[in-house]
Amino acid sequence: MGSWVTTALIVLPAAGALALWLLPWPRAAAGVIALVVSLVEVGLWIAALVNFDFDQAASSLQYDEQATWFGDLGVSYHVGFLGIGLWLAGLAVVCQAAAVAYAMRSGRERPRAYYGLMLLLTGAVVGVFCAQDLLLFYVFWEAMLIPLYLLVGVWGGEGRQRATLLFVIYTMAGSLLMLASIIVFGLSEGTFDLVELRYRGDSTWLFLGFAAAFAVKAPLFPFHGWLPSAYREAPAEVAGVLSGVVSKAAT
């Protein structure tokens, strides 16, 4: 299987989301389309899993695809899978397909917008697990949060506004610290490519910048203040994705 499979796992759900938003589908069709796209995504992941060489999984990047974006800064579109990344992407696509199926059973309002956001979240989470460039990783990390804000803030319970506000404050604070660490890290090394990075420094501040974002999303005490209200107010399947997929991205 070619290197295109990694990009396909990212692009397929994003394309499905755009199709749901831009085309005038009947209300009943939106969930069916989202479920079909989700199941195709699972099938594509299974095909990638079957063809993956686990003997080289720990040391060799597979389904590797790279295109230079900003050569002078060492920034590129670089995606690929190591063994753990492929398994975590599988966790994401299977859980998202189950969440879409549950949402169909629950009959969510404004289904085209809802299922489009669920598909967009799928593509972003897969991107987090396969990104091999630090800035690209950050783009997917932030893209993962946008649909979550909306899914909780629009389709959540009575306390959804407070839950979303806490979620935004905590996650943005952590994400900005991580962005600062990424910029300092990449510029000091002359590249943002994770395969090429050979950092031998000893910077507690860089570590803390990354750790803050991950600790918020995991979430670890005392950075978990957003969690009770977000889990309580989110639709059931979104709460499942938050605990079963998004927190694993941080961990």
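Select helix α6 (residues 160-189) together with helix α7 (residues 204-217), whose axes come within 8 Å of each other and cross at roughly 150°; helices here are DSSP runs of H or I with at least four residues, numbered from the N terminus, and axes are lines fitted to C-alpha atoms over the stretch in contact, with angles running from 0 to 180 degrees between N-to-C directions. That angle makes α6 roughly antiparallel to α7, a label given to angles over 145 degrees. The crossing of α6 past α7 is left-handed, meaning that the near helix is turned anticlockwise from the far one by less than a right angle.

This is a predicted model, in which local features need pLDDT of at least 70 and side-chain atom pairs count only at pLDDT 80 or more, while totals for chains, interfaces and linings use all residues. Residues are numbered from 1 along each chain as its sequence is written, and side-chain values use heavy atoms, with hydrogens and water left out.

Staying with this pair, show the side chains in contact (heavy atoms within 4.5 Å): the α6 residues include Phe 167, Tyr 170, Leu 177 and Phe 185, and the α7 residues they meet include Trp 205, Phe 210, Phe 214 and Lys 217. By class, this contact has 14 nonpolar, five polar and one charged residues, where Ala, Val, Leu, Ile, Met, Phe, Trp, Tyr, Cys and Pro count as nonpolar, Asp, Glu, Lys and Arg as charged, and the others, Gly among them, as polar.

Next, select helix α3 (residues 83-106) and helix α4 (residues 111-130), whose axes come within 9 Å and cross at roughly 170°, which makes α3 roughly antiparallel to α4. Among the α3 residues in this contact are Leu 88, Val 93, Gln 96 and Met 104, and on the α4 side one finds, among others, Tyr 114, Met 118, Val 125 and Phe 129. The residues of the contact divide into 15 nonpolar, three polar and no charged.

Finally, move to helix α5 (residues 134-155), whose 22 residues should span 32 Å at 1.5 Å a residue, in agreement with end C-alpha atoms that are 32 Å apart; the expected span is 1.5 Å times one less than the number of residues.

Notes. Helices (H or I, at least four residues) and strands (E, at least two) are DSSP runs, numbered from the N terminus. Angles under 35 degrees count as roughly parallel, over 145 as roughly antiparallel, 65 to 115 as roughly perpendicular and the rest as oblique.
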